[in-house]
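Here is a structure to question.

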Amino acid sequence: DLCPTSHNLDVPFVKRTEYQCLSADEDTGEVSLLMEDGSLKDDLNLPTVVNVGEPTEEDKKCTSELLAALGDGKTVTVVVQSACGEEKIIQVKATD
């Protein structure tokens, strides 16, 4: 939509952060992440645990990659995108 220049528009601030994943529970959907300062971040869920609608194919792929990598004992880094007060895991990186 076009908006006249005399109107104010709200623009979301999107932040992308990487965390090391320590554990993920497939049954409850809870994920435990290690923050840069050494504290734990336990307020995120697996990408397939959604509040509204259905999980996408990308959500299902991210979740399966995350659980498989943790099961194989790999070091897992997740990319978390946050905007408008919501946070979500959008990418998984696994290294040996």
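Q: Which residue in S3 does Val-31 stand opposite?
A: Val-31 stands opposite Leu-44 in S3. S2 covers residues 30–34, and S3 covers residues 40–45. Strands here are DSSP runs of E with at least two residues, and helices are DSSP runs of H or I with at least four, numbered from the N terminus.

Q: What kind of model is this, and how are residues numbered?
A: This is a predicted model, where local features need pLDDT of at least 70, side-chain atom pairs count only at pLDDT 80 or more, and totals for chains, interfaces and linings use all residues. Residues are numbered from 1 along each chain as its sequence is written, and side-chain values use heavy atoms, with hydrogens and water left out.

Q: How do you know that S2 and S3 pair?
A: Two strands pair if DSSP finds at least two bridges between them. S2 and S3 have 4 bridges, in the antiparallel sense. So they meet the definition. Their hairpin has 5 residues between the strands, and Gly-38 takes a positive phi near 95° there.

Q: What makes S1 and S2 a pair?
A: S1 and S2 are joined over 4 bridges, again antiparallel. The definition asks for at least two, so they qualify. Ser-23 has Ser-32 in S2 as its bridge partner. In this hairpin, also with 5 residues between the strands, Gly-29 takes a positive phi near 85°.

Q: Why is the contact of Glu-18 and Lys-93 called a salt bridge?
A: A salt bridge needs a side-chain nitrogen of Lys or Arg within 4 Å of a carboxyl oxygen of Asp or Glu. The Glu-18 and Lys-93 side chains meet at 2.7 Å, N to O. Glu-18 lies in S1 and Lys-93 in S5, so the pair ties together parts that are 75 residues apart in sequence. A search of the whole structure finds 5 salt bridges.

Q: Why can such side chains pair at all?
A: Side chains of opposite charge can pair when their charged atoms come close.

Q: Why is Asp-27 called exposed?
A: Asp-27 has a relative accessible area of 75%, so it counts as exposed. Asp-27 lies in the loop between S1 and S2.

Q: What makes Cys-84 stand out in its phi?
A: Phi of Cys-84 is near 55°, a positive value in a residue other than glycine. Cys-84 lies in the loop between S4 and S5. Its relative accessible area is 67%, so Cys-84 is exposed.

Conventions. Buried means under 20% relative accessible area, exposed over 50%, partly exposed in between (1.4 Å probe, protein chains only).
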